[in-house]
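Colleague: Could you walk me through this structure? I'm new to this, so please spell out the terms as we go.

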Amino acid sequence: MRAAAFSTPGLENLKLVEAETPRPGPGEVLIRVKYAGVNPLDYNVVAGAVKASPMPHIPGSEFAGVVEEAGPGVTGVSRGDPVVVYNRLYCGHCRQCLTGWTQMCEVTGGGIIGIVTQGGYAEYAVVPAKNAVATRADLKEAATLPIGALTAWNMAYRASISPGEKVAVVGATGNVGIYAVQFAKLLGGEVYAISRRKAKVESILKSAGADAVLTPDEAKSAAPFDVVLDPTGSASWDLSFGVLGRGGRYVTAGALTGAEVRLDLRRLYGMQILVIGATGGRRADFNTVVRLLEAGRIKAFLHNVYPLADVRKALEELRSPERVGKVLIAP
Ligand SMILES: [Zn+2]
């Protein structure tokens, strides 16, 4: 099969290769990959900032396709089923899994497909059958769910958004942000999308459900907010933490712009602010986001689709200031 792989980290080392088509073992399925998402996580895997195995490594932690072959003992999905992949490996019986937090699995460490296994930047990929969710959604749209939508769902869930609360979404045009806007709205929030590129992105963010689109300066004037969903990292910490009101909740799910922040404990306790971490999402919640897409309650915002041969171009486009929504690879 054709795959994009690297032996030494570095974007320049990611090459189109002829690799052996994997075979599904017991409890696994072989998926013919139709679309794979391009995320900062994938970029970091290729760049070596996130250590991947095995080597040579095929990245791609977010993908959808069609079941080509089911291994022994597989139930639930069968050959020909269109599926989208929940990308966290989980055991299903540790304490975290039993309470639903499959991405926190104590046995697998919540390892991510495409990082601790070969990923979806290939014509075929093998995944545990319990990670494959059958869907009747457009696979191009479904391929945006495993990282973008699920991370956003988990952020919104952990923020405990109540109807009528003021919710700010920082990095609103990103893969996670554009879904965070939609989920905050679905949960009844009054949603403010924060973007430096306001003039360019206002109409698209309003079509995603934002009640208003604000520049960072305008966000300061519109404060206080009940909730800030900020998947971007420390660069926006002062803004995000600073605009929270009494009992406010800040939720982080990434450190793209930096990982360390200065926290004023007096403001934290004085305002009874909660600082909340979120990573990935639960297996059960993945079914929820898939069903919401199928029902048309959320939508995928696609920026561009590249053939596998242009995988490097696709990864580079991630950093384009013009990008709104998802870059996909179509193996
Ligand atoms: Zn587990």
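Modeller: Let me begin with a term: a residue is called buried under 20% relative accessible area, exposed over 50%, and partly exposed in between, using a 1.4 Å probe and protein chains only. This is a predicted model, in which local features need pLDDT of at least 70 and side-chain atom pairs count only at pLDDT 80 or more, while totals for chains, interfaces and linings use all residues. Residues are numbered from 1 along each chain as its sequence is written, and side-chain values use heavy atoms, with hydrogens and water left out.

Colleague: OK, so is Arg266 buried or exposed?

Modeller: Arg266 is exposed, because its relative accessible area is 60%. Arg266 also forms a salt bridge with Asp264, with the closest N and O atoms 3.1 Å apart, where a salt bridge means a side-chain nitrogen of Lys or Arg within 4 Å of a carboxyl oxygen of Asp or Glu. Asp264 is partly exposed, since its relative accessible area is 32%.

Colleague: How many salt bridges are there in the whole structure?

Modeller: A search of the whole structure gives 14 salt bridges. Among them is the pair Arg282 and Asp285, whose closest N and O atoms are 2.9 Å apart. Arg282 counts as buried because its relative accessible area is 14%, and Asp285 counts as buried because its relative accessibility is 6%. There is also a network of salt bridges that links Arg32, Glu68 and Arg79.

Colleague: And what about Lys206, which residue does its side chain meet in a salt bridge?

Modeller: The side chain of Lys206 meets that of Glu202, at 3.4 Å from N to O. These two residues are separated by about one helical turn, because they are 4 residues apart in helix H6, residues 198–207. Helices (H or I, at least four residues) and strands (E, at least two) are DSSP runs, numbered from the N terminus. An α-helix has 3.6 residues a turn, so residues three or four places apart point the same way.

Colleague: Switching topic, which residues coordinate the zinc ion?

Modeller: The zinc ion is coordinated by the SG atoms of Cys91, Cys94, Cys97 and Cys105, at 2.3 to 2.4 Å. Donors are N, O and S atoms within 2.8 Å of the metal (3.2 Å for Na, K and Ca), and water is not among the atoms, so sites may look incomplete. Along the sequence, the donor residues follow the spacing C-x2-C-x2-C-x7-C. Cys97 counts as buried because its relative accessibility is 8%, and Cys105 counts as buried because its relative accessibility is 2%.

Colleague: What angles do the 4 donor atoms make?

Modeller: The angles are 105 to 115 degrees, and the site is tetrahedral, a label given to four donors if all angles lie between 85 and 135 degrees.

Colleague: Next, where is Lys166 found?

Modeller: Lys166 is found in strand S8, which covers residues 166–170. Leaving aside neighbours within four places in sequence, Lys166 is in contact (heavy atoms within 4.5 Å) with residues including Glu190, Tyr192 and Pro224. The backbone oxygen of Pro224 lies 3.3 Å from a polar atom of the Lys166 side chain.

Colleague: Last one, how many residues of helix H5 are buried?

Modeller: Helix H5, residues 177–186, is mostly covered, with 8 of its 10 residues buried. Among the buried ones are Ile178, Tyr179 and Phe183. After H5 comes Gly188, whose phi is positive, near 95 degrees.

Methods. Four donors count as tetrahedral if all angles lie between 85 and 135 degrees; four count as square planar and six as octahedral if opposite donors are over 155 degrees apart and all others between 65 and 115; anything else is irregular. A polar contact is a pair of N or O atoms within 3.5 Å; within protein, one must be able to donate a hydrogen and the other to accept it, and residues adjacent in sequence count only if both atoms are side-chain atoms.
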